[in-house]
Amino acid sequence: MAKEKIKILIIDDDPKVSWILSEGLSSGMEFVSARDGIEGIQMVSTEKPDLILLDIKMPGMNGLEVLEKLNRMPSRPEVIMLSGHGETKNIVHSMHLGAAEFINKPFDVKEVEIHINTVLEKNRLKQEVKTLRTELKSRSQYDQFIGDSPKMTQVKNIIEQVADSELTVLIRGESGTGKEIVGRMLHTLSGRSEEQFTKVNCAAIPRDLLEAELFGYEKGAFTGAHKTKPGRFEVANKGSIFLDEIGDMPMELQSKLLQVLEQQEFVRVGGINNIHVDVRIICATNKNLEEAIQRQQFRDDLFYRLNEITVFLPPLRERPEDIPLLVKYFLDRYNSLYDKDYPELSSEAMARMADFSWPGNVRQLENLIKQIVVRGDESIIGDLLSTGITSINPVASTVGDAEVEMSEELVNSYSLKKRVGFAVAREEKKLISEVLNKTNWNRRKASELLEISYRSLLYKIKEYNLNSSK
Ligand SMILES: Nc1ncnc2c1ncn2[C@@H]1O[C@H](COP(=O)(O)OP(=O)(O)OP(=O)(O)O)[C@@H](O)[C@H]1O
Ligand SMILES: [Mg+2]
């Protein structure tokens, strides 16, 4: 099949130009021409040229103004500027406006042809790199987001549809269902991916510090504010901000957040000037926000605003068909991370896992597989699933240092320390659940009763996969 001709739009008030070019250039090119800027701009939409040759000096709208207008189109063809000699100022200006080349009049037709081909080739390569990059990015993202059950396919479809938009997304789901992964994917698959992804856990920052953390403060705004500090929203400018555990945001701050959502503006603590930011907001929660609204703990106007798009992550027990894929994924991951070679799990183990209710969802499954790989033994599945504790390192967690990995020798030995550590972890989990239930999941009160810091309580809640619905 013959290659389609390259269509070139010439915008020039001098009819000689298009005549010379159409006579002299190769037969692989087809020409359409416009006599002034307005007609030219219209023809970009109707003719869809591959390239534009644009004269600078024209009556009415000049070439630079036309280029500015073309730049407002969602996408435009490459532009080569044509102009008389000695107009350095125009060259600089048109390059700033994104012209690909600049050709002086009078021109040599063959020289124009070379320029056209170079610009088109560069553009083709640019498009190809862009397509490959997008494909690669989305493929590698999906490679880490496992699940092909109908429910997860639906989730992936929504992500695909909304990632590259400015819509605020609310991600809901129980603890450990992958809300953070989804938040990061939405950012990586958006046009903001080269900018920062800023994560703020609204539950982990004491409420009196949260406002300063999010919106920044002016010098002298409160005791200890020795200098002006920008908040996370300012740091996140141009990027995305992930507000985790949004259900824990105090009411007073919720109205300030609403203002940011509506006007993209806020005032620092102790400040008077409005600060404008361009930030995409992504929120996550495992709380029942409708109930929080009833209890007057969450503003309904904020809820409706956040709820533009909601991604519901299904609990693992509602998609047991994803378990084999997840098991394989985590086995591969931890085998390679720990340099092990643990084969598949037995069919009995898989059957037990399919029947389990997974209160800690994918996080719990991940921890379990990690332990099996580290210990090289799947018989622990029974114990772990019955106690519900699948922390990789019960000993370390009781001493508050979960980063320290337990060595394999210790895991496999009859170490008293390990056994005691495990028992302590079990007791700890029981007591923490009891106190949380007693205080109606008021974490601050619970941490006071337990005589541990608020932060360590939050850490332990996550570590033991505790949640208020249990
Ligand atoms: N679909 C998935 N594919 C692969 N890994 C997953 C998936 N879902 C969750 N995970 C893994 O499970 C762990 C928990 O996920 P994540 O932190 O995103 O959960 P979460 O919903 O934010 O939980 P929480 O409410 O407790 O903060 C992470 O290590 C994550 O990598
Ligand atoms: Mg999370």
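Student: Which residue just after α2 takes a positive phi of about 45°?

Tutor: This is a predicted model, where local features need pLDDT of at least 70, side-chain atom pairs need 80 or more, and totals for chains, interfaces and linings use all residues. Residues are numbered from 1 along each chain as written, chains are lettered from A and ligands numbered from 1 in written order, and side-chain values use heavy atoms, without hydrogens and water. Helices are DSSP runs of H or I with at least four residues, and strands are runs of E with at least two, numbered from the N terminus. The residue with that phi, just after α2, is K48.

Student: Within what arc do the buried residues of α2 fall?

Tutor: G37, G40, I41, M43 and V44 are buried in α2 (residues 37-47) (under 20% relative accessible area, with exposed over 50% and partly exposed in between; 1.4 Å probe, protein chains only). They line one face of the helix, because seen down its axis they fall within an arc (of directions from the axis to the C-beta atoms) of 160°.

Student: Which residues are exposed on the other side of α2?

Tutor: The buried residues pack against β1, β2, β3 and α3 (contact: heavy atoms within 4.5 Å). Exposed on the other side are I38, Q42 and T46.

Student: How many residues apart are E174 and R317?

Tutor: E174 and R317 form a salt bridge with closest N and O atoms 2.4 Å apart (a Lys or Arg side-chain nitrogen within 4 Å of an Asp or Glu carboxyl oxygen). The pair links distant parts of the chain, E174 in the loop between β6 and α7 and R317 in the loop between β14 and α13, and their separation in residues is 143.
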